[in-house]
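Dear colleague,

I am passing on the structure below, together with some notes on what turned up when I went through it. Please have a look at it alongside the text that follows.

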Amino acid sequence: MKIQGKMFIWLSVFILAMAILYGVWSKEPVGTTALFLAFGLAIMIGYYLAFTAKRVDAMAQDDKEADVADEAGEVGFFAPHSWQPLSLAVGGALAFLAIAMGWWLLYFSAPLILVGIFGWVFEFYRGENQNQ
């Protein structure tokens, strides 16, 4: 994680320099603001990764002599099957369609989004996957 933190911090320094240069050279407020916001996002991610890297064990990507196989093994637990993303996708598509067609469509998309969110959060609290 250390290398990712350093990469994002250096990226944020570059974006800041480009934002200042772009703002002085073009005098265009929208692009300058977008670049400063991109700087803010990059520095937040870089700081988080650098801050977290101090508290976790060194990973294989932090070792210059590491092999690809050093990071092999279990990555984490992923849900084997879930219908909740489908509900969220349909609800989100209807919500964005409501912007173009009419706000009344939000009455149909909001329940689908809520069912998807609550189902995804509480997926492993009941049913056959309760103890995973």
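To start with one residue of this predicted model: is Tyr47 buried or exposed? Tyr47 is exposed, its relative accessible area being 55%.

The search for aromatic pairs, run over the whole structure, returned two. In one of them, Tyr47 and Phe51 are stacked, with 5.7 Å from centre to centre and 25° between the planes. These two residues are four apart in helix α2 (residues 29-53), which means that about one helical turn separates Tyr47 from Phe51. Phe51 is partly exposed, at a relative accessible area of 37%, and Arg55 lies over the face of Phe51, at 3.9 Å from the ring centre.

The other pair is formed by Trp104 and Phe108, which are arranged edge-to-face, with 85° between the planes and 6.2 Å between the centres. For Trp104 the relative accessible area comes to 48%, and this residue is therefore classed as partly exposed, given that a residue counts as exposed over 50%.

As for the record, the unreviewed UniProt entry carries the annotation "transmembrane region" for residues 7-25, 31-51 and 94-122. Residues 94-122, by comparison, are 83% helix and 0% strand, with 23 Å between the end C-alpha atoms.

Technical notes. Residues numbered from 1 in each chain as written. Predicted model: local features only at pLDDT ≥ 70, side-chain atom pairs only at ≥ 80, totals over all residues. Heavy atoms only, no water. Phe/Tyr/Trp six-rings, centres within 6.5 Å; stacked < 30°, edge-to-face > 60°. Buried < 20%, exposed > 50% of the residue type's maximum accessible area, 1.4 Å probe, protein only. Lys NZ or Arg CZ within 6 Å of the ring centre and 35° of its normal. UniProt positions renumbered as here; feature names shortened; annotations may be inferred.
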